Amino acid sequence: MKPNHHLDDSTLLAYAAGTLDEAFSVVAAAHVAICPACRSAVRAAEALGGELLDEAGSAAVSDDCRARTFAALEQAGLYRLPLAAPRPALPRALARLLPVASFDDLAWKKKAPGVAIFDVKLPASAKGQLRLLRIGAGRAMPEHGHGGEEITMVLKGAYVDHLGRFAAGDVADLDEEIEHRPVVEQDGDCICLVATERPTRFKSLAARLMQPFVGI
């Protein structure tokens with residue numbers, strides 16, 4: 001698995017700093033784990049951050065600041081530490097959040113013909129939404145944009161849009177300015193891990209009317 005589409009530089013920096021929201025951190029961790037280029041970029045960012053801290057010198061901090069910092073570090077490390085027993089076929093960062101060991105065992109919720117989702121449960125304090133999206137072979141999603149940031153990682157299968165072909169391991173790191181119409185390839189279902197900041201913005205009236213029922 002050699003990804004051709006990578007995380008945005010700003011996402012990599014936020015991930016390295018531990019400031020990426022939980023939903024996005026899971027997707028970033030899953031991609032970084034299998035992408036040498038992004039893993040190298042994260043290490044470089046972490047090294048730079050260490051150098052900046054050294055140059056800043058020491059300064060007294062309040063007990064409250066210290067407590068908040070340690071809490072943030074614990075949360076940032078939640079999806080980065082090695083697991084003792086990783087589950088096969090699932091990214092480590094995702095596996096710990098799922099009740100099963102394979103995609104086939106998930107309780108998928110059918111939302112439309114050829115479209116099913118599984119909501120990944122995050123801590124109550126987490127920001128953003130994280131879900132698995134399964135789209136049938138040959139199916140096309142309606143043209144849409146995004147109400148905020150969205151990162152999608154392909155876990156199985158592939159889809160094509162005007163940005164290119166996205167196969168297993170690839171990520172689409174998109175903002176609210178991007179609109180696209182993903183079309184799944186004919187040789188099998190496409191399963192994606194999707195972190196969103198706000199609901200999707202569909203262009204067609206029919207898709208917008210269906211959105212409350214579909215839940216995407």
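In this predicted model, pLDDT stays under 50 over residues 203-214, a stretch with 14 contacts beyond four places in sequence. Over the chain, the mean pLDDT is 81, and 71% of the residues reach 70 or more.

The interior is described next, beginning with the helices. In helix α1, the buried residues are Thr-11, Leu-12, Ala-14, Tyr-15 and Ala-16. Just after α1, Gly-18 takes a positive phi of about 75 degrees.

In soluble globular proteins, nonpolar side chains tend to be buried together. The largest nonpolar core of the model holds 40 residues, of which Leu-130 and Leu-132 touch the most other members. Two or more residues of this core are given by each of the helices α1 (9-17), α2, α3 (36-56) and α5 (92-95), and likewise by each of the strands β2 (115-119), β3 (129-135), β5 (150-156) and β10 (190-196). The largest share, 8 residues, comes from α2. Another core lies apart from it and has 14 residues, among them Ile-117, Ile-135, Val-154 and Cys-192.

An open sheet is formed by 3 strands in the order β7-β6-β9, with antiparallel pairing. Strands β7 (164-167) and β9 (183-184) stand at the edges and have a single partner strand each, so one side of each is left without a neighbour in the sheet. The pairing of β6 with β7 is antiparallel and runs over 4 bridges, one of the bridge pairs being Ala-158 with Ala-167 in β7. These two strands, β6 and β7, form a hairpin with 2 residues between them. Strand β6 (residues 158-161) also pairs with β9, in the antiparallel sense and over 2 bridges. Here Tyr-159 stands opposite Val-184, and the bridge partner of Val-160 is Val-183. In a regular strand the side chains alternate between the two faces of the sheet.

Side chains of opposite charge can pair when their charged atoms come close. A search of the whole structure finds 2 salt bridges. One of the pairs joins Arg-131 to Asp-119, with the closest N and O atoms 3.3 Å apart. Arg-131 lies in strand β3 and Asp-119 in strand β2, so the pair ties together parts that are 12 residues apart in sequence. Arg-131 is buried, with a relative accessible area of 9%, whereas Asp-119 counts as partly exposed at 39% relative accessibility.

Arg-165 and Glu-185 also meet through their side chains in a salt bridge, at 2.6 Å from N to O. Arg-165 belongs to strand β7 and Glu-185 to the loop between β9 and β10, so this contact ties together parts that are 20 residues apart in sequence. Arg-165 is partly exposed, with a relative accessible area of 45%.

The search for disulfides in the whole structure finds 0. The sulfur of Cys-35 has its closest cysteine sulfur in Cys-38, at 3.7 Å, which is too far for a bond, a disulfide being a pair of cysteine sulfur atoms within 2.5 Å. Cys-38 is accordingly in no disulfide, and the nearest cysteine sulfur to it is that of Cys-35. Cys-35 counts as buried at 1% relative accessibility, and Cys-38 counts as buried at 2%.

Conventions
Residues are numbered from 1 along each chain as its sequence is written. This is a predicted model: local features need pLDDT of at least 70, side-chain atom pairs count only at pLDDT 80 or more; totals for chains, interfaces and linings use all residues. Side-chain values use heavy atoms; hydrogens and water are left out. pLDDT is the predictor's confidence in each residue, from 0 to 100. Contact means heavy atoms within 4.5 Å. Two strands pair if DSSP finds at least two bridges between them. A nonpolar core is a set of buried Ala, Val, Leu, Ile, Met, Phe, Trp, Tyr and Cys residues joined through side-chain atoms within 4.5 Å. Buried means under 20% relative accessible area, exposed over 50%, partly exposed in between (1.4 Å probe, protein chains only). A salt bridge is a side-chain nitrogen of Lys or Arg within 4 Å of a carboxyl oxygen of Asp or Glu.
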